[in-house]
Amino acid sequence: MTADSLAARSHAAPKYCEVTAASYLIRHAAIYANDDDYEQYIEPFIKKLNCTYTSSLSSKNRKGWKGPLSFFDKWENPINDPENQLEQITPQGIKDSKKVGKHLLSRYPKLVPTTKRIYADKKARTKDTAAAFVKVFPQEVEVVEIDLNRSSFHAQDPHKACKAFSKKPGNGELETFMSHYTIPIIGRLQRFSPVMLAETDIMGLQQLCGYESAIRGKKSDICDVFTDSEWMAYEYAWDLKYSHMVGHGNPLSPYLGFPWLNTTSELMSKFHAPRHEEGEGEGEGDIPDDDGQRFFLAFTHREVPPFIATALGLFNSSNAFAEEFPTDRINWSRSWKMAELIPFLGHVGIEKLTCTEVSMDQKEEKEYIRVIANSAPRPIPRCQGGSGASCPFDEFTQIVRRGMEVYGDFDRVCGNDEEEHFGEF
């Protein structure tokens, strides 16, 4: 799935308001597969699949696949060169990058001409995504590489700048729920398979549905193998995992989310009228000079938008007393749904709104902040007093300032100044 399917949503500014600055963090475009996904789930199934060839690996025909799995007799693996393809953007991903780029640029016709540079880290998948976006700009735009030597790396790629961050949290919970939901699926599909199916094979097949669809640009035959309820279980499994790894189930998450919010708050303050002295020059120290640019894009990885959402409480449960992520059943009422935030090219944005308000026959301009998640406005739970449930500008900067007071000690919590990682994060 890509954010392209979400791009048609309109998020025009509220009535009597205009977007006067915007900054976005965007996940890279579709890749052939993630290393961990491939090695843990997809490759084991592919090895079993290859054992069912009728003669040699040069043959495209297999035997023994029946019913809903019969297409595997002639199915071609879209990841045919893992050594060179894994983690790399697909040709369809480049096309999708341009489509989403055109959509985002169409949202801000007055801001786009001000853009002089966009940002990406050194990974090929982010740089290639940025390069595709650059091509849709009407003017020349520089792609600036962000690395660990620049303080803004903490904002754009906080998990890579934090020694204490690990992708392990949530693995145990994922495995427990995977055992719960895949057993009935194996019971349904095993009679159609010439090989013994394992729990990881079911997960691998569901991942292959997404990856093959992204690679080929059309829905994979694998997708129709599973029922709607089985897809809901798959979605829940990864929501559970990500809630522990990058969401409010991980104490590190707000520490990794606030640097970008702080940098963005200070950036927006540069364009705020009246100009506010507090908040200027206090943050990451890598705020772009005021050269007229008012539309900013930075390309990152799937872990980062959830950090931002967690820091703002965008997807946190509305009922603190509910058991949000049990491992033996789906919690249908959960707020944390990552399909709404981290598909390929998924993005989170901050808009500064300038609104004209009339009272007692007087016109007054007021400014607000609005959060966009995948082309849809997402109100900040504790700050919705502005037009279209936006957040008054000064209240937003106060939220970020208070957040930095609590979660601003990035290097200490991340253990960056110590040989051992800090705490049990």
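This tour of a predicted model visits its disulfides and then one arginine.

Begin with the cysteines. The model holds four disulfides. When the bonded cysteines are numbered in sequence order, they pair as 1-5, 2-8, 3-4 and 6-7.

Select C17 and C355 first. Their sulfur atoms lie 2.0 Å apart and form a disulfide. This pair connects distant parts of the chain, with C17 in strand β1 (residues 17-27) and C355 in strand β5 (residues 347-359), 338 residues apart. The torsion about the S-S bond of C17 and C355 is about 110°, so this disulfide is right-handed. Both C17 and C355 are buried.

Next, select C209 and C223, which are joined by a disulfide with an S to S distance of 2.0 Å. C209 belongs to helix α7 (residues 199-216), and C223 sits in the loop between α7 and α8 (228-245), so the bond ties together parts 14 residues apart in sequence. The link of C209 and C223 is right-handed, with 95° about the S-S bond. C209 is buried at a relative accessible area of 8%, and C223 is buried at 10%.

Move on to C383 and C391, a disulfide with 1.9 Å from S to S. The link of C383 and C391 is right-handed, with 85° about the S-S bond. C383 is buried at 2% relative accessibility, and C391 is buried at 1%.

For a further cysteine, select C51, which is exposed with a relative accessible area of 65%.

Finally, select R302, in the loop between β4 (295-300) and α10 (304-312). R302 counts as buried because its relative accessibility is 16%, under the 20% cut-off. Display Y242 as well: a polar contact of 2.9 Å joins the side chains of R302 and Y242. Beyond its neighbours within four places in sequence, R302 is in contact with R27, N34, D37, Y242 and I342.

Note on methods: Residues numbered from 1 in each chain as written. Predicted model: local features only at pLDDT ≥ 70, side-chain atom pairs only at ≥ 80, totals over all residues. Heavy atoms only, no water. Helix = DSSP H or I, 4+ residues; strand = E, 2+ residues; numbered from the N terminus. Buried < 20%, exposed > 50% of the residue type's maximum accessible area, 1.4 Å probe, protein only. Polar contact = N/O pair within 3.5 Å; in protein donor to acceptor, adjacent residues only side chain to side chain. Contact = heavy atoms within 4.5 Å. Disulfide = S-S within 2.5 Å.
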